[in-house]
Amino acid sequence: MFRTLFAALLAVSALEGAEDGLERADERLKMVREQIERRGIEDALTLKAMRTVPRHLFVPKNLQRYAYDDRPLSIGHGQTISQPYIVAYMTELLRPKPGMRVLEVGTGSGYQAAVLAETGADVFSIEIVDALARSSKKAVREAGYDRVQLRSGDGYFGWEAAGPFDAIIVTAAAQSIPPPLIKQLHEDGRLIIPVGPPLGTQYLILVTKKDGKASTRRLIPVRFVPFTRRDTP
Ligand code: SAH
């Protein structure tokens with residue numbers, strides 16, 4: 001009798017788990033239609049990932065009702081989760097493909113890492129604030145992205161042991177492009193990084209590497225939290 005009850009409880013919690021994935025799916029479809037496709041994002045894998053990843057699981061409880069709004073949100077420690085459109089824009093620029101190796105600097109909430117993982121990429125992500133490194137790890141696992149590799153540290157130095165990378169994404173605004181990141185970019189790889197002063201105008205810069213030489217292209221103006229430093233990797 002106890003055994004049956006226990007089995008029944010297990011079945012209920014498994015069902016709840018299954019429902020989690022579908023929860024707020026309508027809001028995600030609307031977000032993709034109105035904020036992302038309408039602004040010109042077309043890459044099928046990017047759109048599918050944005051429709052799938054439960055963004056509300058990556059924001060603090062008290063802000064979850066705004067999770068699908070057209071804006072960034074605070075995730076504590078002075079940091080933010082980017083607006084959905086910016087996440088989609090940067091993801092599309094990296095030309096995601098299953099099996100590609102991607103390095104993210106600035107895990108923050110873990111949402112961008114989960115979106116990249118949902119496209120089938122092998123994701124490595126570094127976060128400098130220890131508390132966020134811990135909470136993002138929990139969120140990424142709870143959302144089911146077990147293969148994402150996360151660590152705490154200064155992403156200025158990249159993740160040499162895991163490189164070279166087909167794509168690198170930096171989600172904090174640097175004053176200049178960290179040379180170790182260019183070095184860890186694969187031939188034909190793409191690196192996207194916001195560059196500019198903390199309170200001034202920043203631009204997303206796309207770096208591509210051909211025959212060992214990096215070239216840069218300036219894209220849209222953006223506003224990101226500052227890239228900070230530690231003395232050690
Ligand atoms: N991609 C994140 C956005 C987080 S905001 C998301 O989807 O939620 C940018 C993050 O970069 C912050 O959490 C900040 O702590 C982190 N950061 C800033 N400088 C860093 C550095 N040198 N190395 C690693 N992370 C850094």
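How many helices and how many strands are there in the chain? There are seven helices and nine strands, helices being DSSP runs (H or I) of at least four residues and strands (E) of at least two, numbered from the N terminus. The radius of gyration, taken over C-alpha atoms, is 18 Å, close to the 17 Å that the globule rule gives for 233 residues, so the chain is as compact as a globular protein of that length; that rule is 2.2 Å times the number of residues to the power 0.38.

A word on the source: this is a predicted model, in which local features need pLDDT of at least 70 and side-chain atom pairs count only at pLDDT 80 or more, while totals for chains, interfaces and linings use all residues. Residues are numbered from 1 along each chain as its sequence is written, and side-chain values use heavy atoms, with hydrogens and water left out.

Now to the ligand. Of the 25 residues around the ligand, those that come nearest are Ser109, Glu127, Asp154, Gly155 and Thr228, where near requires a heavy atom within 4 Å.

Among the polar contacts (pairs of N or O atoms within 3.5 Å), a ligand nitrogen is 3.0 Å from a polar backbone atom of Gly106, and a ligand oxygen lies 3.1 Å from a backbone N or O atom of Gln112. From the side chain of Glu127, an N or O atom is 2.6 Å from an oxygen atom of the ligand. Taken alone the ligand exposes 580 Å², of which the protein buries 99%, by the Shrake-Rupley method with a 1.4 Å probe.

How values were computed: A polar contact is a pair of N or O atoms within 3.5 Å; within protein, one must be able to donate a hydrogen and the other to accept it, and residues adjacent in sequence count only if both atoms are side-chain atoms.
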